[in-house]
Structures are given as C-alpha cells and as structure tokens.
Amino acid sequence: MVRLHVKRRDESQFLYETTVTAEVVAVVKDLVLIHNGRLKVDRLCSEMSELRDHGVSLPPNMQGLAEEQIADLKLKDEWQDKCIPSGGAINCRDEVGRRNGQAPNDKMKDVLKRTMSEAKKIVSKDQVKANVCVTQDMVQDALDQLRGAVMIVYPMGLPPHDPIRMEFENREELDGTQASLQILEDATTSLWFSGKELVPGKKLEAFIGKNEKTKLIVKLQKRGSGPPGREPVFSEEQRKEMMLHAYRKQEEWKKMEGDSEDSYLDSEWADTDTLKKQFQGLSTVSWRPR
C-alpha cells in the first residue's frame with residue numbers, strides 16, 4: 001500500500017493508505033472527507049466543553065443579552081425546562097451569555113470529558129508520530145462516540161438551535177468564521193507532491209510510479225492558490241541537532257584560543273629529549289615513590 005503523509009501548509013495532519021492504481025479524483029475526495037471530518041470533531045469538542053460547563057445554548061434572540069434586557073423584552077427560553085441534563089442541573093452562569101447556565105452534574109461532566117478526550121485521540125495529529133493511518137471509518141467512530149455521550153447526558157436531545165445538534169445534523173452555520181476558511185471541497189481542492197499538482201483524470205502511478213511500498217509527503221491546496229511551499233531541507237529535530245553541534249564546536253574553539261600559544265611544549269610528544277631517553281632506557285623511569 002502507498003502511504004501518504006498529508007500536510008496542510010507545513011503542518012502534519014494525518015496518514016492515509018491507498019494504492020498506485022487509485023484515481024487521483026477518488027483519493028482527493030477521500031482526503032477532503034477525512035480532513036473536514038477531523039475539523040468537525042474539533043468543533044464539536046470545543047462546543048461540548050461549553051455544554052459541559054454552562055449547559056445548552058440559548059435561543060439566538062437571547063444570546064449576549066443581560067438578564068435585565070431579557071426581562072424588559074419579555075423573552076423566554078422555551079427549551080430550558082425541556083433540556084435538563086441527566087441527574088439534574090448545576091447552576092453555572094455563562095459570562096458570555098451564549099448558554100443557559102444549567103450545567104450537568106460532575107458525573108455527567110466526566111462522561112463528556114472522557115469521550116471528548118477519546119475522540120480527539122482518534123483524529124489527533126499525534127497519530128502521524130504513532131504511524132497510524134486515519135480512515136473515514138475512524139472519523140465516523142469519533143463522531144458517533146461524541147453523539148452517544150451527548151445522548152447519555154441529554155437523553156431528550158438538544159435544542160434545534162444548539163451548535164452541537166446542528167453539527168450532528170450537518171446544519172452548522174460557519175459563514176464568516178475562521179472555521180469556514182479551513183474547510184475544503186473536493187471540487188476545488190488539488191493534491192500536490194514534490195512541487196507538482198496531481199492532475200485529476202489520472203491514476204497515482206502516473207506520478208509516483210508502480211511501487212506499492214512508497215511513502216510520500218503530499219499537500220492539500222485550494223485550487224488556484226498556487227503551489228504550496230516546499231518542504232524544508234532539514235526537519236526541526238535535525239536543525240536543533242545541527243545548532244547544538246555548532247555550539248559545541250564554537251565552545252571548543254573558544255577554549256583553544258584561550259590556551260597559551262606554546263602550551264603544546266608541555267606535551268610528552270614535544271619533548272626534544274624523548275629519543276635520547278629511549279636509547280638510555282630512561283623513558284619509563286619515574287621519580288615518584290611507588
């Protein structure tokens with residue numbers, strides 16, 4: 001199997017396995033789905049942290065308003081009494097004003113926390129270091145775990161306007177956010193290897209040969225934005241080792257410069273009487289008491 005080390009800009013994202021006979025279009029589509037799925041997991045974990053601390057989301061027309069403003073406008077959250085976490089709620093006011101402040105109890109918080117940690121590990125960039133390839137099934141498994149944890153804590157479900165429910169139902173509203181800039185579409189995404197774009201309509205073997213045991217560094221790039229930056233000649237670890245080696249050499253030179261120019265005369269090899277002592281059998285004579 002061909003192993004692709006997928007990068008976005010200069011950051012490692014995940015490993016992916018395929019074959020040299022795979023169509024470039026199919027590979028790009030699969031990579032984009034995994035990439036977007038990993039982003040969804042990150043967004044869900046971020047929102048679930050807020051859910052754990054401050055309860056479900058307020059209706060859009062109540063978010064960011066002070067209690068006095070809500071009272072003056074006579075607004076009411078119809079979902080507050082419907083969406084009560086299992087085991088009862090703990091009052092924990094949201095300073096930002098996005099959530100209703102009815103947080104789950106400590107036991108339910110732990111369920112959310114553990115599940116988020118496990119889901120993050122499945123799609124983590126650390127999987128690259130562990131030499132583990134990420135698949136669509138793994139991403140879906142992470143999403144299913146998060147969905148299951150939310151259902152345990154909120155068996156009645158979340159309000160339709162809650163970002164977590166919207167993510168699960170693929171109704172997320174990301175327009176105008178930083179997250180929207182990270183999402184890719186397979187129709188407008190190109191795959192680059194060694195400074196060359198892998199043209200759709202061909203198979204991978206047209207660019208990388210027929211060796212199935214190849215490992216490549218590839219980059220996902222939005223089409224029309226030009227080629228991505230080339231890989232650095234040295235890795236970060238190699239660069240650190242080289243800097244350490246240069247520092248040690250510099251210190252050695254400083255030490256040598258600090259020595260006297262004729263200090264070598266104290267060395268045994270610089271003794272002009274060495275040959276004479278050898279002939280007279282005095283080279284091994286020691287005047288120190290034994």
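## Basis of the model

The model is predicted: local features need pLDDT of at least 70, side-chain atom pairs count only at pLDDT 80 or more, and totals for chains, interfaces and linings use all residues. Residues are numbered from 1 along each chain as its sequence is written, and side-chain values use heavy atoms, with hydrogens and water left out.

## Helix α1

Helix α1 covers residues 24-54. Helices here are DSSP runs (H or I, at least four residues), numbered from the N terminus.

Of the 31 residues of α1, 23 are buried, so the helix is largely enclosed by the rest of the structure. Buried means under 20% relative accessible area, exposed means over 50%, and partly exposed lies in between (1.4 Å probe, protein chains only). G55 follows α1 and has a positive phi, near 85°.

## Packing of α1 and α5

Two packed helices are described by the angle between their axes and the distance between the axes. For α1 and α5 (residues 136-153), the angle is about 20° and the axes are 9 Å apart. The axes are lines fitted to C-alpha atoms over the stretch in contact, with angles from 0 to 180 degrees between N-to-C directions. The two helices are therefore roughly parallel, a term for angles under 35 degrees.

On the α1 side, the contact includes D30, L33, I34 and G37, and on the α5 side it includes Q136, V139 and A142. Contact means heavy atoms within 4.5 Å. The residues of this contact divide into 11 nonpolar, 2 polar and 3 charged. Here Ala, Val, Leu, Ile, Met, Phe, Trp, Tyr, Cys and Pro count as nonpolar, Asp, Glu, Lys and Arg as charged, and the others, Gly among them, as polar.

## D53

D53 lies in helix α1 and is partly exposed, with a relative accessible area of 26%. Leaving aside residues up to four places away in sequence, D53 touches C92 and A103. The C-alpha atoms of D53 and N105 are separated by 9.5 Å, although these residues are 52 residues apart along the chain.

## Two asparagines in loops

N131 sits in the loop between α4 (126-129) and α5. N131 is not a glycine, yet its phi is positive, about 65°. Its relative accessibility is 42%, so N131 counts as partly exposed.

N170 is in the loop between α6 (163-168) and α7 (178-182). N170 also has a positive phi, about 55°, without being a glycine. At 57% relative accessibility, N170 counts as exposed.

How values were computed: Parallel < 35°, antiparallel > 145°, perpendicular 65-115°, else oblique.
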